[in-house]
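The stops below are meant to be selected in order.

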Amino acid sequence: MTPAAVTFREVPCSSDTEAVRRIVSSTGFFQPFEVEVAVELVQERLDRGIASEYFFRFAEAGAEVVGYTCFGPIPCTISSVDLYWIAVDAAWQGKGLGMRLMSETEKAISAGVAGARPPFCNSGNGRRVYIETSGKELYGPTQRFYERAGFRLEARLESFYAPGDDKLVYVKTLA
Ligand SMILES: CC(C)(COP(=O)(O)OP(=O)(O)OC[C@H]1O[C@@H](n2cnc3c(N)ncnc32)[C@H](O)[C@@H]1OP(=O)(O)O)[C@@H](O)C(=O)NCCC(=O)NCCS
């Protein structure tokens with residue numbers, strides 16, 4: 001199946017915990033505890049619904065989830081949104097799927113979510129999208145991906161994660 005045939009789904013289902021575990025693990029980018037955090041966010045959404053304030057887009061190739069994003073409003077802001085996770089299954093990377101996921105996610109953020117709290121309750125409220133990532137060399141391709149997607153590097157927090165491992169904060173202002 002080609003990336004063009006991939007479809008997107010919004011509402012998580014119980015099998016997505018294992019799908020997210022598989023996808024995030026497949027990238028080889030994340031420590032086991034980080035994989036667990038990714039899974040927990042899906043479980044939190046399954047348990048609490050949109051009150052969890054975790055929102056998703058799942059990319060599906062037939063019945064298989066091959067990539068996803070997780071995002072949500074940043075508390076105490078009017079229109080800022082955190083993109084917590086974006087990951088594409090290792091076998092699907094470099095085929096344009098990440099860019100399509102990002103575009104679907106930006107559309108979702110701009111449109112808002114019925115029944116959610118501000119800034120997601122009304123159409124057009126999600127405006128500034130933030131992403132945090134590591135400055136380590138391993139994340140060079142990820143940093144280039146964000147820049148290709150129109151994000152700009154707003155801040156660098158030196159040795160934030162560990163000595164020599166900076167935190168990079170990227171931002172994109174949606175139209
Ligand atoms: C980052 C990630 C989501 C990108 O998804 P993807 O499907 O591989 O990306 P795309 O195929 O849509 O690539 C889009 C652009 O990003 C850039 N890019 C993506 N992967 C790249 C790589 N390995 N090296 C250099 N540039 C890369 C390219 O410039 C590409 O633009 P082009 O098509 O004009 O060349 C995916 O590679 C991934 O899951 N990485 C590991 C997990 C991760 O780092 N997640 C983010 C932290 S939470």
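**Stop 1: helix α1**

Select G28, which comes just after α1 and takes a positive phi of about 75°. This is a predicted model, in which local features need pLDDT of at least 70 and side-chain atom pairs count only at pLDDT 80 or more, while totals for chains, interfaces and linings use all residues. Residues are numbered from 1 along each chain as its sequence is written, and side-chain values use heavy atoms, with hydrogens and water left out. Helices (H or I, at least four residues) and strands (E, at least two) are DSSP runs, numbered from the N terminus.

Now step back to α1 itself, residues 16–27. Its 12 residues should span 16 Å at 1.5 Å a residue, and the end C-alpha atoms are 17 Å apart, which agrees. The expected span of a helix is 1.5 Å times one less than its number of residues.

Colour D16, T17, A19, V20, I23, V24 and T27, the buried residues of α1. Seen down the axis of α1, these buried residues fall within an arc of 160°, so they line one face of the helix. The arc is that of the directions from the helix axis to the C-beta atoms. Buried means under 20% relative accessible area, exposed over 50%, and partly exposed in between (1.4 Å probe, protein chains only).

What do the buried residues of α1 pack against? Show β1 (7–9), α2 (32–48), β2 (55–61), β3 (64–73) and β4 (80–88). Contact here means heavy atoms within 4.5 Å.

**Stop 2: helix α2**

Select α2 next. Its 17 residues should span 24 Å at 1.5 Å a residue, and its end C-alpha atoms are 24 Å apart, which agrees. V35, A38, V39, L41, V42 and R45 are buried in α2. Looking down the axis of α2, the buried residues fall within an arc of 140°, so they line one face of the helix. Turn to the face of α2 directed away from its buried side to find the exposed residues P32, F33 and D47. The cover over the buried residues of α2 includes α1, β2, β3 and β4. Just after α2, G49 has a positive phi of about 65°.

**Stop 3**

Most residues other than glycine have a negative phi. Go to E53, in the loop between α2 and β2. E53 is not a glycine, yet has a positive phi of about 65°. Then select C76, in the loop between β3 and β4, where phi is near 70°, again positive in a residue other than glycine. Which of the two is buried and which is exposed? E53 is buried, with a relative accessible area of 14%, whereas C76 is exposed, at 86%.

**Stop 4: F58**

Select F58 in strand β2. F58 is buried, with a relative accessible area of 0%. Leaving aside neighbours within four places in sequence, F58 is in contact with T7, F8, R9, E10, V11, P12, D16, V20, V65, G67 and Y68. Y68 is 10 residues from F58 along the chain, and their C-alpha atoms are separated by 4.4 Å.

**Stop 5: the cavity**

On a 1 Å grid over the protein atoms alone, a cavity is a set of points where a 1.4 Å probe fits but cannot get out, and a pocket is an open set with protein on both sides within 12 Å along at least five of seven lines; lining residues have an atom within 4 Å of a point. Grid points are joined across faces, edges and corners, and a volume is the space filled by probe spheres set on the points.

The count comes to one cavity of 30 Å³ or more. Select E10, R45, F55, F56, R57 and V113, which line the largest cavity. The largest cavity has a volume of about 30 Å³. β2 gives the most to this lining, with three residues.

**Stop 6: the largest pocket**

The largest pocket has a volume of about 1200 Å³. Of its 39 lining residues, select F30, I86, T133, Y139 and Y146, the closest to its centre. The largest share of the lining, seven residues, comes from β4.
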